[in-house]
Amino acid sequence: MALKKCKECGKDVSTKALACPNCGNPIKNKTYAISCSFAVIIFLVVLWVAKEVLFAFSEVRIFGRKINLK
Ligand SMILES: [Zn+2]
């Protein structure tokens, strides 16, 4: 478990703590930020895949004629 200095009071605070136990200053949780941005990337990839699948289906639905929708 790592320690880092509180920006407000300068005391050592656990990186797992959500707030400084001394002054109550909220600590930015790096792991939480990383998982949040990771979730956003996954969401964007899912959107992109859904878009690609939709385009593929719209090409199949057009009887024999390949129309470029892009
Ligand atoms: Zn503090």
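I call a residue buried if 20 or more other C-beta atoms lie within 10 Å of its own, exposed if 12 or fewer, and partly exposed in between, with C-beta atoms placed from the backbone.

**Ground rules.** I'm working from a predicted model, where local features need pLDDT of at least 70, side-chain atom pairs count only at pLDDT 80 or more, and totals for chains, interfaces and linings use all residues. My residue numbers run from 1 along each chain as its sequence is written.

**Confidence.** I looked up pLDDT, the predictor's confidence in each residue, from 0 to 100. The protein has a mean of 83, and 80% of its residues reach 70 or more. By element, I find β2 highest at 91 and α1 lowest, at a mean of 86.

**Layout.** I get 1 helix and 2 strands, in the order β-β-α along the sequence. Both kinds of element are DSSP runs numbered from the N terminus: helices are H or I, at least four residues, and strands are E, at least two. Of the 70 residues, 3% count as buried.

**Contacts overall.** For me, two residues are in contact if their C-beta atoms, placed from the backbone, lie within 7 Å. Taking contacts between residues at least 6 apart in sequence, I see 0% joining residues at least 24 apart.

**Lys7.** I find Lys7 in the loop between β1 (3-5) and β2. Lys7 is partly exposed because it has 13 C-beta neighbours inside 10 Å. Asn25 sits 18 residues along the chain from Lys7, and I get 8.0 Å between their C-alpha atoms.

**Leu18.** Next I checked the loop between β2 (12-14) and α1 (30-61), which holds Leu18. Leu18 has 11 other C-beta atoms within 10 Å, so I log it as exposed. From Leu18 to Lys28 is 10 residues in sequence and 7.2 Å in space, C-alpha to C-alpha.

**Cys20.** Cys20 is also placed in the loop between β2 and α1. Why is Cys20 buried? Cys20 has 20 C-beta neighbours inside 10 Å, so it counts as buried. Setting aside neighbours within four places in sequence, I list its contacts as Cys6, Glu8, Cys9, Lys11, Val13, Asn25 and Ile27. I also noted Gly10, 10 residues from Cys20 in sequence and 9.8 Å away, C-alpha to C-alpha.
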